[in-house]
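Welcome to this short tour. Please load the model in your viewer and keep the selection panel at hand.

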Amino acid sequence: MLFILNPQSGVPIYRQILEQVRRMVSSGQLQPGTELPSVRDLAVAHAVNPMTISKAYSLLEAEGLLARNRGKPMTVVGSARGTARGQTPLNKRVEQINPLVDQIVLAARQLQLSEAELVKALRRKWEETDE
Amino acid sequence: MNSATVEASHLGKMFGTKRVLQDLSFGVSPGDVVGVLGKNGAGKTTLLELMLGFTQPTEGAVRLFGHESYRLPGDAKARVGFVPQQDELVDHLTVADQLRVIASFYPHWDKDLMSRLCQEWGIDVRARIKGMSVGERQKLSILLAFGHKPDLLILDEPVASLDPIARRQFLEQLVEISTDGRRAIVFSSHIVSDIERLANRIWILKEGRFDWQGDLDSLKESIVRIHLRGSGRLPEVLAIPGALSVRRESAFPTAIVRDWTEGAQRELERQIAGTVEVEALGLEEIFVELHR
């Protein structure tokens with residue numbers, strides 16, 4: 001499954017798709033030319049409203065990350081932030097994850113976790129999801 | 001020609017001297033999936049019944065496909081599908097008989113869809129309805145509303161008795177229906193997570209009025225939890241615009257606010273000389289907060 005969608009997270013589904021496509025394009029996981037699943041397939045697979053998916057695709061098209069070709073699936077064009085092929089530079093990719101880091105650090109402080117405890121939790125998750 | 005599936009203006013309903021619904025104006029377009037939320041007694045069923053023309057409005061009007069719903073002509077009626085809270089199945093019939101009876105009312109009955117869904121949903125067409133469980137009856141009642149491919153599907157608490165697997169199958173079928181973009185669905189449910197998946201528009205009814213009406217995405221962006229991090233001591237009294245509730249017991253106060261905007265954020269950050277973190281809320285939390 002290409003996307004991990006959580007309808008209950010509070011973050012609207014179209015935003016979850018926007019962020020995931022942006023990240024995967026930046027990291028080079030989604031290469032130019034890659035075809036994305038159709039709105040219908042994604043909607044049925046995740047049992048979510050099709051319009052929220054078309055909205056995400058249209059916004060990504062407007063950003064220049066995706067292109068719509070008549071009768072063909074949405075296709076990855078390249079990174080909106082410059083480099084058409086390959087990875088966005090490391091510092092730019094770190095910049096993209098910073099808002100999430102801010103949230104994690106804030107939550108950890110509210111829970112009065114130590115830095116070591118937070119790093120440990122992150123490392124555990126990292127290893128769990130390592131392929 | 002009109003493109004709206006449903007249009008209502010200043011709709012109101014009284015039962016005797018009791019006001020049940022008041023001043024509801026809304027539209028439903030082809031492709032919309034509207035989720036209707038409200039506590040018990042908020043007026044959800046009455047609203048759906050007004051749309052269906054089962055009862056006459058006391059004030060205002062509601063139109064389906066351009067016709068007043070209380071006087072809906074037969075051909076327009078055939079474009080509506082309805083799943084009531086209490087099923088209207090005939091006990092002594094078998095599933096196959098019940099299917100035949102309903103099919104006979106409609107010229108464009110989709111027999112193939114019915115057979116496919118009976119199989120996928122595990123409904124035995126030879127079973128007698130009398131012996132079916134509440135959940136099985138509900139599945140059948142939903143399935144019957146799909147058969148004539150209605151342009152407007154109205155469902156009143158359709159999933160209350162379904163197990164999680166059956167609910168998921170039901171949701172997938174609703175997605176199938178909505179993907180062609182020509183048909184509209186309006187459904188009420190207490191299972192907020194289902195509405196969160198399926199709906200693009202939300203109506204929150206509170207004491208007979210709309211407490212919120214609009215896009216689910218806008219709702220989630222407008223009602224949020226904020227975390228205040230002042231640089232020094234925060235003022236005793238905080239002027240938080242649109243605050244539904246404020247919690248100050250920890251070092252970092254939090255608040256749930258409505259009508260949140262970036263402008264409101266900048267203003268508040270200036271007031272506390274610090275930063276405001278915004279946390280998105282799930283629909284269930286939003287619903288609960290609106291009812292505090």
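Let's begin at a helix pair: the crossing of H2(A) and H3(A) is right-handed. What you have on screen is a predicted model.

To find the pair, select residues 39–46 of chain A for helix H2 and residues 50–63 of chain A for helix H3. Their axes lie 9 Å apart, and the two helices pack at an angle of about 135°. Angles over 145 degrees would count as roughly antiparallel and 65 to 115 as roughly perpendicular, so H2(A) and H3(A) are oblique to each other.

Next, show the side chains where the two helices meet. On the H2(A) side, pick A:Val39, A:Arg40, A:Leu42 and A:Ala43. Facing them from H3(A) are A:Pro50, A:Ile53, A:Ser54 and A:Tyr57. Sorted by class, this contact has six nonpolar residues, one polar and one charged.

Now zoom out and colour chain A by secondary structure. How many helices and strands does chain A have? There are five helices and two strands. Follow the chain from the N terminus and the elements come in the order α-α-α-β-β-α-α.

With the whole chain in view, turn to its overall dimensions. The C-alpha trace of chain A spans about 55 × 35 × 25 Å along its principal axes. Chain A has 131 residues, and 26% of them count as buried.

Among contacts in chain A with a separation of 6 or more, 52% come from residues 24 or more positions apart.

Definitions and conventions. Residues are numbered from 1 along each chain as its sequence is written. Chains are lettered from A and ligands numbered from 1 in the order in which they are written. This is a predicted model: local features need pLDDT of at least 70, side-chain atom pairs count only at pLDDT 80 or more; totals for chains, interfaces and linings use all residues. Helices (H or I, at least four residues) and strands (E, at least two) are DSSP runs, numbered from the N terminus. A residue is buried if 20 or more other C-beta atoms lie within 10 Å of its own, exposed if 12 or fewer, and partly exposed in between; C-beta atoms are placed from the backbone. Two residues are in contact if their C-beta atoms, placed from the backbone, lie within 7 Å. Axes are lines fitted to C-alpha atoms, for helices over the stretch in contact, and angles run from 0 to 180 degrees between N-to-C directions. Angles under 35 degrees count as roughly parallel, over 145 as roughly antiparallel, 65 to 115 as roughly perpendicular and the rest as oblique. A crossing is left-handed if the near helix is turned anticlockwise from the far one by less than a right angle, and right-handed if clockwise. Ala, Val, Leu, Ile, Met, Phe, Trp, Tyr, Cys and Pro count as nonpolar, Asp, Glu, Lys and Arg as charged, and the others, Gly among them, as polar.
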